[in-house]
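Subject: Structure handover

Hello,

Here is the structure I said I would pass on. My notes follow below it.

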Amino acid sequence: MTDDAISNLANETRHFDPPADFAAHANATASAYDEAKADRLGYWAKEAERISWATPFTEVLDWSNPPFAKWFIGGKLNASYNCVDRHVEAGNGDKVAFHWVGEPADDTRDITFGEMKDQVSQAANALIDLGVKTGDRIAIYMPMIPEAVVAMLACARLGAPHTVVFGGFSADALSSRIIDCDARIVITSDGGYRRGAPAALKPAVDEALLKCPDVRNVLVVRRTGQDVEWNDDKDVWWHDIVDKASTDHTPEAFDAEHPLYVMYTSGTTGKPKGILHTTGGYLVGATSTHYNVFDVKPETDVYWCSADIGWVTGHSYIVYGPMANGVTQVMYEGTPDTPHKGRWWEIIQDKKVTQFYTAPTAIRTFMKWGDEIPAKFDLSSLRLLGSVGESINPEAYMWYRKAIGGDRCPIVDTWWQTETGQIMISPLPGVTSGKPGSAMTALPGISADVLDDAGDPVPNGSGGYLVLTEPWPAMLRTLWGDDERFKETYWSRFPGKYFAGDGAKKDNDGDIWLMGRVDDVMNVSGHRLSTIEIESALVSHPKVAEAAVVGATDDMTGQAPVAFVILRESAGDGGADVIKELRDHVAKEIGAIAKPKKVLIVAELPKTRSGKIMRRLLRDVAENREVGDATTLADSTVMDLISTGMSTAKDED
Ligand code: ATP
Ligand code: MG
């Protein structure tokens, strides 16, 4: 993605200025950019006051041994204290922390900050009884139930780093993470509800443990009441030890650099990496960005992030940021289509949700289902919408803005990674304009740039590699147990700068457009094309709901685009000429060079559990290779169907 990139996408001219009524009350101010520019560390020192320190820090950043950063030197704090106790001490013990909504109808619980404090303390005491000591690692493998948050905060309270593994992952994925970080305790549940039925979790833990002899205990929450195999030597019911434990527990203050958690990346581009986050900088980064980007008003807001806690978004923007900010949240256990396709909108209506944060994959799914579904619900409580996980196609942005946001809510398209721990590039609502498809600019205190192959910043109007040029508070400290791979992966491509692995373009205003993974860029007859642009062109066709494009080796052109397309429900089977129609549409939108060589109409796309399209698997199929590591795939049967379709698809002219 250098200067010769064909980039119509970033020529998108639509933009939305901050609504005046929003700007008048926004948490963020335009002056924050200037302040942070003049004194970056001073800005973060000030943002650090959003959380409580048992011992104040004496220095903001130690960058004397790059790429190993230390933030808030000398500071001591407890993350769990910040998320619960301090709100109770401030007199907000009766305030709802979570409106929890189970998947079965009427299965709801409101949990206050006071109740959270008691339960977290009980869980911490129970873990102590199980022999947990500061520094021990604990794996958490749970559905979206309040005990998952309680478990995370209990670990944080004891200074025992958690590693949350998404509840939909296989036993293999679980065991490899347990082994990688040497966890000795696993917290799980019998199961959870998904698509109207109880789904089991405990059997996967039992299977994983065959490979993990060092795990001492499995702490099991009873959620569904289904039968589970029981190993008396290891298994302990949550209700037997946590519910009976004392609610008194005094949190210890840990050093700012004490490990808080290890989170494995979602594995879109390869084998997951164990990202280490520490306590002080991470909590400051998550809390500050949550406050400013979501314009949080803790007194009145009901915030909902639909991510799973098994993903970093659930860590930073359900657990640590929002809880430290003391905001009331919605947490939902199940799928968006159970018992009907309007479930999410019904929850927003019932709980009067004010900010909603979700992923483009979900938005495109709702687009596919049709506007009439959200239109049945009163969504007027919403005042801000967020997007994360992938670039949001302009078409999906406009749909989100209109069908969900009533054309009045600003959208924050937030770019960040497991590694960054906090949002890095995003509009500031009330301050920055939004453009459909652009994450806009680096937040105050964050320094991002787009570099060319030689490592020089590209001028406006050009594309290159996204880098972060200065350390930031919530940055990963290393890869668990592998400092060398940490240096090699992120800091070797452009010495002294963090290489994100994503391509990006600066538009003529200098705003940033994410162009997909660097690995996904294809070279067609010497032209560098980004997959996201061809995908967005396809999604702008009225018959298309979702599209994934990969570059496949081609004798004539080096590489050629191959597209996998899901049609909207209203398009039926698309008609006989749909493939020609779509190819011509891409040619018209971008240019003949981008015209897909093959277009495959599919029912599903391979996605990671966090909803990202796994293009590397599609590339394997398109190039007739054996499909690579698919352990983080949401539904592994999808690949078989696609492979079969591919083997019968014809090349187009
Ligand atoms: P792995 O690193 O193991 O391949 P992953 O990169 O998918 O996994 P995450 O850390 O969950 O794991 O995802 C971060 C990536 O998601 C970013 O590097 C970027 O490619 C993409 N991303 C996240 N938010 C946005 C956004 N708003 N716009 C564009 N891309 C985004
Ligand atoms: Mg990544």
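D407 lies in the loop between α15 (394-404) and β20 (411-413); helices (H or I, at least four residues) and strands (E, at least two) are DSSP runs, numbered from the N terminus. Although D407 is not a glycine, its phi is positive, at about 60 degrees. With a relative accessibility of 38%, D407 is partly exposed, where buried means under 20% relative accessible area, exposed over 50%, and partly exposed in between (1.4 Å probe, protein chains only).

This is a predicted model: local features need pLDDT of at least 70 and side-chain atom pairs count only at pLDDT 80 or more, while totals for chains, interfaces and linings use all residues. Residues are numbered from 1 along each chain as its sequence is written, chains are lettered from A and ligands numbered from 1 in the order in which they are written, and side-chain values use heavy atoms, with hydrogens and water left out.

M440 also has a positive phi, near 75 degrees, and is not a glycine. M440 sits in the loop between β20 and β21 (448-451) and is buried, at 2% relative accessibility.

There are cis peptide bonds to look at as well. One joins P66 and P67, with omega about 0 degrees; P67 is in the loop between β1 (59-65) and β2 (68-73). Another runs from T338 to P339, with omega near -5 degrees, and P339 belongs to the loop between β17 (328-332) and α12 (343-351). For context, most residues other than glycine have a negative phi, and most peptide bonds are trans.

On the cysteines: the whole structure has 0 disulfides, a disulfide being a pair of cysteine sulfur atoms within 2.5 Å. The closest cysteine sulfur to that of C83 is in C155, 13 Å away and therefore too far for a bond. For C155, the closest is in C181, at 11 Å, which is also too far. C83 is buried, with a relative accessible area of 0%, and C155 is buried at 0% too.

Now the overall fold. The protein has 20 helices and 30 strands. Its radius of gyration is 24 Å, close to the 26 Å from the globule rule for 653 residues, so the protein is as compact as a globular protein of that length; the radius is taken over C-alpha atoms, and the rule is 2.2 Å times the number of residues to the power 0.38. Along the principal axes, the C-alpha atoms fill a box of roughly 70 × 60 × 50 Å. Of the 653 residues, 61% are buried.

Regards
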